[in-house]
Amino acid sequence: MNASLRGRHANCKSTAADYAAVNAGDVKLRASMTDARIVNGPSLNGLTFAIKKPGFYRYVPQKLMNTFRFAKNPLKLSYGRKREDKRTVVDGALVFDSGSQVSASYMIGTRNCKLKYSYLHGGVTTLEPCYDLGKNVWGFAISRRLYDNVFKAAYHTWSKNLALEWLRNHVFNGTFKMSASVNLAEESKDPKFIAETTWELEM
């Protein structure tokens, strides 16, 4: 049996345990707190419990996937329908080599079409420019892996949002993520900080 525990802190608001989940055979027990503050004294507002059995209620989306050859390069295509709005989405990825690929996502009947190019440099640095055809705007992300750490920066021209992220994934100490974002279009430009940590426990 295993359990997971996640903590979250956003600026001056702290969450002692956003959720705790325990897997007992084919049944999952989960407790969550939407507003578990530890600042100015403990509070357990929004405490809920749930029991889930995976597969008991199951929805299988209408999705087809296949791989073709385009100029000797693998072209991965998927076709699926979104249940909530009954729209059809086509995703594709053309892989040039192990570190370079172009991907696209298009919702049929709309102007929602996004293109992204991913390039892995030196096995540790990933560059990802993207373009939204519907909004006619660009975005860019860069990430670099250093041992157990991944550092990432992203900027989107349509929202003027600059985001920084530090992710540390350790086999024994769990996962730790710290992120910061600022909207450069806002006059105040107040940054937002979020810190999250997750522990996986064997019981």
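This is a predicted model: local features need pLDDT of at least 70, side-chain atom pairs count only at pLDDT 80 or more; totals for chains, interfaces and linings use all residues.

Colleague: Is Met 178 buried, partly exposed or exposed?

Modeller: The classes are set by relative accessible area: buried is under 20%, exposed is over 50%, and partly exposed lies in between (1.4 Å probe, protein chains only). Met 178 has 38% relative accessibility and therefore counts as partly exposed. Ala 180, which also lies in strand 14 (residues 174-183), is partly exposed at 22%.

Colleague: Which residues does Ala 180 touch, not counting those up to four places away in sequence?

Modeller: A contact means heavy atoms within 4.5 Å. With that exclusion, Ala 180 touches Leu 162, Ala 163, Leu 164, Lys 192 and Phe 193. The C-alpha atoms of Ala 180 and Leu 164 are separated by 5.2 Å, although these residues are 16 residues apart along the chain. Over the protein, residues 24 or more positions apart account for 15% of the contacts with a separation of 6 or more.

Colleague: Which residues make the nonpolar surface patch that includes Met 178?

Modeller: Patches are made of residues with over 30% relative accessible area and no salt bridge; like charges are joined within 9 Å, and nonpolar side chains (Val, Leu, Ile, Met, Phe, Trp, Tyr) within 5 Å. Accessible areas come from the Shrake-Rupley method with a 1.4 Å probe, and for residues only the protein chains shown count as cover. Here Leu 146, Tyr 147, Phe 151, Trp 166 and Met 178 make a patch of about 540 Å².

Colleague: How do Phe 151 and Trp 166 stand to each other as rings?

Modeller: Rings of Phe, Tyr and Trp (its six-membered ring) pair if their centres lie within 6.5 Å; planes under 30 degrees apart count as stacked, over 60 as edge-to-face and the rest as tilted. The whole structure holds three aromatic pairs. In one of them, the rings of Phe 151 and Trp 166 have centres 6.3 Å apart and planes at 10 degrees, so this pair is stacked. Because Phe 151 lies in strand 12 (residues 149-156) and Trp 166 in strand 13 (residues 161-170), the pair ties together parts that are 15 residues apart in sequence. Phe 151 is partly exposed at 39%, as is Trp 166 at 30%. Together with Phe 176, these two residues form one aromatic cluster.

Colleague: How many salt bridges are counted?

Modeller: A salt bridge is a side-chain nitrogen of Lys or Arg within 4 Å of a carboxyl oxygen of Asp or Glu. By this rule the count is two. Asp 132 forms one with Lys 114, with the closest N and O atoms 3.9 Å apart. That pair links distant parts of the chain, 18 residues apart: Asp 132 is in strand 10 (residues 125-132) and Lys 114 in strand 9 (residues 113-121). Asp 132 is buried at 6% relative accessibility, whereas Lys 114 is partly exposed at 41%. Glu 128 forms a salt bridge with Lys 116, the closest N and O atoms being 4.0 Å apart.

Colleague: In which sense do strand 6 and strand 7 pair?

Modeller: Two strands pair if DSSP finds at least two bridges between them. Strand 6 (residues 73-81) and strand 7 (residues 88-97) pair in the antiparallel sense over seven bridges. Strand 7 and strand 8 (residues 100-107) also run antiparallel, joined by eight bridges, and a hairpin connects them through two residues. Val 90 in strand 7 stands opposite Tyr 79, and its bridge partner in strand 8 is Tyr 106.

Colleague: What does the secondary structure of the protein come to?

Modeller: The protein has zero helices and 15 strands. Buried residues make up 23% of its 203 residues.

Conventions. Residues are numbered from 1 along each chain as its sequence is written. Side-chain values use heavy atoms; hydrogens and water are left out. Helices (H or I, at least four residues) and strands (E, at least two) are DSSP runs, numbered from the N terminus.
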